[in-house]
Amino acid sequence: MAETPASAAALKTVTLVSSDGERFEIAESSAKQSITIGNIIDDGCCDASIPVPNVTGKVLTKVIEYLKNHGGGGGDAEKKEKDDELVSAPVPVLLDYILAANYLDIKGLVDLVAQEIADSMKDKSPEWVRSEFNIENDYTPEEEEAVKSHFAWAF
Amino acid sequence: MAAPPGSARTGILGLDHLPAALIATIMTKLDIPSILSLASTCTACRTCAAEILSFLPNFHLPDIAPSMDLLRPLLPQCNPYLRSLKVDCTRLDDSSLDFLLHPSLQELCLRNCADFSGRLLAELGRSCKDLRFLYLSSVAEKRGRSVDVLHLEEMLSGCTQLETLILMFDVSIFLRHSFARVWALASSKLISLEIEYISSVMMTELLNPAVGLHQSSNHPWPSVLPNLQKLCLSVDYITDTMVSTISKSLVSLTHLDLRDIPIMEPRMAFDLTNNGLQQINAHGRLKHLCLVRSQEIAPTFFKRVNDLGVLLMADKCSAMESICLGGFCQVTDTGYKTLLHSCSKLYILRVFHGTHLTDLVFHDIAATSCSMTHVSLRWCNLLTNLAVTRLASNADLSTLDLRDCRNLGDEALRAISMLPKLKTLLLDGCDLTDAGLSYLSKGVMNRLVSLSVRGCKRLTDRCISSLFDGNSNPELRELDLSNLPNLSDAAVLLLARSRILISELRMRQCPLIGDTSVMALASMQVDEKMWCGSSLRLLDIYNCGGITQLAFRWLKKPYFPRLRWLGVTGSMNRDVVDALARSRPYMHVTTQGEELGTEQWDNMEDAHLQDYDDVDEFEEWLLGGGGGEDDDDDDDNEDEEEDMSDAEMEDAVGHES
């Protein structure tokens, strides 16, 4: 919900509406961490509420939590703790987060989730990565043989 | 930036459906092997990987020695963003030069260049003019390869931006006078120089060419390496002349690291004495000092340095932050204590072979203003638990190395157990029991990254259970359980079940360790998914009593997928070992008991390079009168300084078996 800072200017909030109609209020300054939202605000066209059609309420909740966490103020340890909590979600959810962050152009969140995904797939075999991240194997058998023998040393 | 369909609804989104830019972002955070693993999952990822590799700024392959065939698809010819390249060049030679040397490189680390000729140096000077950091090891060491001082000259004059230069090969192959001359061409930006190995005479001449030409001392010393701040050398003998030349010529020196490995006891003119020690830090800038005499070849020590020298040195070194003294067998508590009390900013203290160092040195360490982070007291046999208790008052301690201090026991561990920042703990050869280690389980164990209890012969399986039972996921990565006669497979089973992401496990010479341990480690499941195998990169089971051919079946792929270093006993299972090495060509397999790992390449400061079980005999020889003053001041004695009998020489060389 709305922040409680002192000055009037900082009280300015915007409302984001998810694809399934949930409404979220957030301080404008925090919202501007999303370049996409920032552009919309600056263009002045959606003063009332900003629709975010590609992101569901569930995901948008978490994105907004991130924006608020990094909106300014608060200790680094606290921020890290909240970030760690955010990325402890299961893989499909993580993929949702990174897509949302990408759409909303929030570099910090993209990097955070990307790092988590990278850390989890470090040193793993292709089979594991496929099963974990629901990747469809579209190699032909010959291609797969070739790739396997080429890069066998790596895994 | 449009989201792909299905993202919100079913959640069965695959990573391959992410926009290419996102996959690329994830890939930039992976190391090369993981990028290739991801690339092997689907064609979309493969395309991404190819793209990434064409603009990857850092190309590091730490554990394997790739062939050209392996490298070619990975390292595209024109990657204008390539800044840092680190490769093991065991399988490469001069024909790879064009491929490796990119003009955009700023950081280059090439190990094991034995099959290259000096052309490597020359080409570096020609192609990589932007280089800031250069590390080269074993250049042209293979038979038939040669390197000439002209090559060195081209490199030094071409790389004008060079700031750090590390040459890990014997530079005494170069002609002395030519060698000294070329250093005048070195970049004036050079601030860090490390050479392993150079003779002290060559080093002296390098810094003061006038010495070689017998010019009068009225000539101003030509400034060679004028901005050098860090100098690390491995020499034949640390001498007064070299130390004083270094101290006088290098006005900006903040970091001095000298090690020698004498083949025999040096004569007075070729040794470090109190006079030399006094010259150190002539310009007052020194912050890190390391003087170590290694006993790797012969049991030699700094016999001509005593407390007086240390006191005079301490007088000028009150700004020191890191001190490492090895082989100063005549220095007593007075000397060490003076150092602790004079150097208020000291945070690293390392003493090897502190023969006369006792608890008294640390008696009032809490009263000094030092806040130690790294303390290393190796082969200091007069230390008792009391010293450790006092040391533990340094709450900032992150590395504690107490190897081969035979009188340390369980009480020392009780004192250490509450250190909040301890990451590395080395207790080889200490008199510990299971009870002692159990003190660690409550506090320190949750934070330790590296633990070694090699040779603590009284330890049994119980210590493993007290350390790892109930600890679901500590930070531990390196564990050394070598030379423990009571360690059995049950302990390793427990370790495997604890699901710790151990990357280095050493269990050398444990008679009860057998095939079951290997099987347990191979089946180690870090999580509930398909991942079969373990995170182990290094496994040393050299000379373990119960290892048979069966174990080797579990060392093959797909088990131990990340294993890069394996130590086994070659003699008993020759064919099987060869077959394994062939099936895993990028794994280093040692069969003669050599120590594993690459640490010794990186860090000259890591003095646990030599591991010899027979040190006690040196000690006894030394204290028993072999270390007396009889030969010291008589430098007229030009005879062979055969202080040791053949038997002692054999012991001195040291062997693992």
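**Strand β8 of chain B**

A: Strand β8(B) is covered on both faces: H255(B), D257(B) and R259(B) on one side, and L256(B), L258(B) and D260(B) on the other, are all buried (buried means under 20% relative accessible area, exposed over 50% and partly exposed in between, with a 1.4 Å probe and protein chains only). This is a predicted model, in which local features need pLDDT of at least 70, side-chain atom pairs count only at pLDDT 80 or more, and totals for chains, interfaces and linings use all residues. Residues are numbered from 1 along each chain as its sequence is written, chains are lettered from A and ligands numbered from 1 in the order in which they are written, and side-chain values use heavy atoms, with hydrogens and water left out.

Six of the six residues of β8(B), 255-260, are buried, so the strand is largely enclosed by the rest of the structure. Strands are DSSP runs of E with at least two residues, helices are runs of H or I with at least four, and both are numbered from the N terminus.

Strand β7(B), residues 230-235, pairs with β8(B) in the parallel sense over six bridges; two strands pair if DSSP finds at least two bridges between them. In this pairing L231(B) stands opposite L256(B). From β7(B) the chain passes through helix α11(B), residues 240-249, to β8(B) in a right-handed β-α-β crossover, that is, with the strands pointing away from the viewer, the path from the first strand over the helix to the second runs clockwise.

Strand β9(B), residues 288-293, also runs parallel to β8(B) and is joined to it by six bridges. Here the bridge partner of L256(B) is L289(B).
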